[in-house]
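Thanks for coming, everyone. Have a look at the sequence and the model on the screen, and I'll talk you through a few parts of it.

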Amino acid sequence: MTVIEIDNLQKEFEIKQKAPGLRGSVQAIFRPVKRRVMAVSGISFALDPGEMLAFIGPNGAGKSTTIKMLTGILFPTSGSATVLGFNPWRERRRMAYQIGSVFGQKPQLWYHLPAADTFQLFARIYELEETPFRRRLAFLIEAFQIEDLLQIPVRKLSLGQRMKCEIAASLLHGPRVIFLDEPTIGLDVVAKQQIREAIRTLNAEENTTIFLTSHDAGDIESLCKRVIIINHGRLIFDDRTSVLKRQYLRRKVIDVRFGEALNGPFHLPGVQTLKQGTYGVKLAFDTEELSVDQVIQQIMSGRAFNDINIQDPPLEEIIREIYQE
Amino acid sequence: MSQTTAQTTGHVMGYRLRQKLAKYGAITAINFQNQLAYIWDTLNRSLFIIFIMFIFAQLWQAVYATRTAPEIAGLTLPGIIWYLLVAEMMELGKFRHDLKISEEVKDGSIAYTLVRPYHYLAYHFFNGLGETIVRMALVFGLGLPVVLYYAGRPDLELWQLPPILLVVLGAMLIDFCVLSTIGLLAFFTEDTASFRMIYQKFVFVIGGLMFPIDFLPDWLQWIARLLPFHLTTYAPARLFVDFSWTQFNHFLLLQLVWLGILGTILWVQYRSAARRLAVNGG
Amino acid sequence: MVRMDWLKQIGIEMRFLGVLVRLNLASAMEYRASFISQIVGMVINNSIMLLFWFFFFDRFGEVRGYDFQQVILLFGMVAFGFGIAMVLSGNIYQNLAYLIAQGRLDYYLVFPRHLLLHVIFSRMNISAIGDLTFGLVACLIVVPWRPATLLAILTAGLLAAAILTAYGVIAGSLSFFWGSAENASAQMFGSLITFALYPDTLFSGFSRTLLLSLLPAVLIGAIPAQLVRTLDVRLLLALLAAAAAGWLLAVALFSLGLRRYESGSAINVNL
């Protein structure tokens, strides 16, 4: 039983083009020139319950358009979608009880009041009964550790504290799917960790399906097992995160620490020396040209080493490479 | 020798004066052009004057209909309708720089502007002048069809325009001084907007905006004439509909006196503000 | 079964809207000084207008059937109705058009509550509290304190507020259909109030018809005032009919516009 299912979803926009200057404005009134833009051109995928998906793409790729269609805010031009068994744009209100959303840049907590007040409001919005609501609130307070923050006006909280409360608020009604858009934007490392930990806990305990959009590779790597990349309205990648890294990974970085000091520059054919110290060296090479064991054998021959570390390049680099295709 | 020196000095002074005029003129012109760009937007906001003049016409038609004498306090029905248009023009065209000044005080940027070559207040005046003239012209232009319909042509002769415009200028200067004072109050209080509101209320009742101050009861009229508010709205409007050299002289004199008083207050305020800045360092 | 469901739904929405209003008020009261000065400022504002009328009637007696007391009642009813409308649904004046134009409806669309009500009740105009108080006090000063009259003030005020809100929604919904309707909607709304504050007997013929329809100023000022004065049930029915018609139109227009918004053909598209 899939939680989200999209079939050949398409969205075409008609944009009025206005020439600059006064003549352009006048022309726009009497003879508007319209341009058709295919924001989303036939995408299909499905999500199972409990899946944690990273839905990424450059700006203007059709990301937000797709999310808007999934949350029922926008009608598609053609194609179909089912979220929790609902047709998002036709059954938006009924579906709304079961989905949650957090937009990093569009806060839901009332700025001048304590978060507790917004929680009360959400209880009314989602028609939550008193006792289950209290129980749920207690659980979330514990999970996000926000006990001390609740009575402080939101404007006095730090960004990290605010985001924790935001996410907690979006979970009050026990949604089965939540859409997270840039949840860790602007946060420091500690706060990011806390948020990611909380989301992981949630997914583990309640099997909530997570639909994440983030420009932060750390979010993607630590939370999502699956990545979908959209560009120019089309899906260009839909697979596991590990596959993403492996498939597009052509560079490997090896850190070696030798037993004896190096004399003279360290060099292996086909391998780039990134850094060289007295006892260690950092190497990079292309796995299309040389296999990992070839390089290791070369390193091993002639020298004893104490430590060796093989690393993948950061996800950012991978994504950058894919976008450029 | 001395003649040449005098000529040269004259040339130099003339040159400096022209330079100053050119500078201030340029400031006005730039702002004027900016205003032209906003005309469509302003037009959108200007339905009010058409509606309010229509309402006023109905109101005063009803009042004059109940009376046998064609004049009230020397004004005919067409007279009062024209009066109200000019009064609204003066009111809606008022300067708005008090907010700018109070902001500059609050964020400290006034320290920089006070150092500029041209006088701070003169800058604000010429900056706001373009905006003010455009607004006044728009209000007058938009209200004109309604007024022409209900009141016909104004009882005005062409030669009366220059003195009337002089009084209009005097009115604008007085208004400018009052608002500058209000703006500079930001040195002493957080909320200068309430003072602006209070000023507006005074003009509303005893400044001659809603009706000529001649319609007020005698005791209040006496007070109104002692205060400067009627010189910003009532004076130009009254002169427009009922010109006489006596009135003109009277208003002009009063305007000069009040400009002197307000100017002095402003000067004192300005000096103390400059001193405050020098002491506190901005 | 179905009817119970329907009633229950209304109850749920009302409780939700109640919390919205409560939070709006609490939020504004965080800033005591500003809160009070806005209210006091509006009371002063309105008092000055009445001061003008005082001097006017002092000099000219009555005009087309209105004396000073009548004008106080008229002014009071408009202020009271306006105050109720803007306190509860502060977004109807100019903000609705802005929210629509900026695509900010998305925020509200994610929630399962009635969209239009959620949007307009999400803001409280603080100075309107001054209008509300002033208007109520003004009315109470000039009418006899009989239960029927007091009830009439409340009812007329609520109905005037309903008509005013419907009008605001119609004006704001224009933003669905053309780009920057913010100024236009503010003008429409502002003109409505301006006309409502003046004795309706000043207007006749074509303009009076206009003021009973396209710019229903008479419906939010003179007729409520007359209802309070005469307790004529027919006027009550007229107001009810006007409020109903206004709301039907408002909801229809808003829904039409919303469909346009959701198909992405609004002028400002955030890709």
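Predicted model: local features only at pLDDT ≥ 70, side-chain atom pairs only at ≥ 80, totals over all residues.

Residues are numbered from 1 along each chain as its sequence is written, chains are lettered from A and ligands numbered from 1 in the order in which they are written, and side-chain values use heavy atoms, with hydrogens and water left out.

So, which chains share the most contacts? Chains A and C do, out of the two pairs of chains in contact; contact means heavy atoms within 4.5 Å. Chain A and chain B have no contact, and their closest C-alpha atoms lie 10 Å apart.

Chain B has twelve helices and zero strands. Helices here are DSSP runs of H or I with at least four residues, strands are runs of E with at least two, and both are numbered from the N terminus. Chain B has 282 residues, and 49% of them count as buried. Buried is under 20% relative accessible area, exposed is over 50%, and partly exposed is in between, with a 1.4 Å probe and protein chains only. Take the contacts in chain B with a separation of 6 or more: 78% of them come from residues 24 or more positions apart.

Now the sheet in chain A. It's an open one with four strands, ordered S11-S12-S10-S13, and the pairing is antiparallel. Two strands pair if DSSP finds at least two bridges between them. S11 (272–276) and S13 (305–311) of chain A are the edge strands, each with a single partner, so one side of each has no neighbour in the sheet.

Let's zoom in on S12(A), residues 280–286, which pairs with S11(A) in the antiparallel sense over four bridges. Those two make a hairpin with three residues between them, and A:Gln272 stands opposite A:Ala284 in S12(A). S10 of chain A, residues 251–258, also runs antiparallel to S12(A), joined to it by seven bridges. There, A:Ile254 stands opposite A:Leu283. Is S12(A) largely enclosed or left open? Six of its seven residues are buried, so S12(A) is largely enclosed by the rest of the structure.

Next, a loop residue. A:Pro107 lies between strand S5 (99–103) and helix H4 (115–125) of chain A. Leaving out residues up to four places away in sequence, A:Pro107 touches A:Glu166 and C:Tyr107. From A:Pro107 to A:Arg251, 144 residues apart along the chain, the C-alpha separation is 40 Å.

Last stop, chain C. C:Trp6 is in helix H1 (residues 2–29) of chain C, and it counts as exposed because its relative accessibility is 57%.

That's my tour, so over to you for questions.
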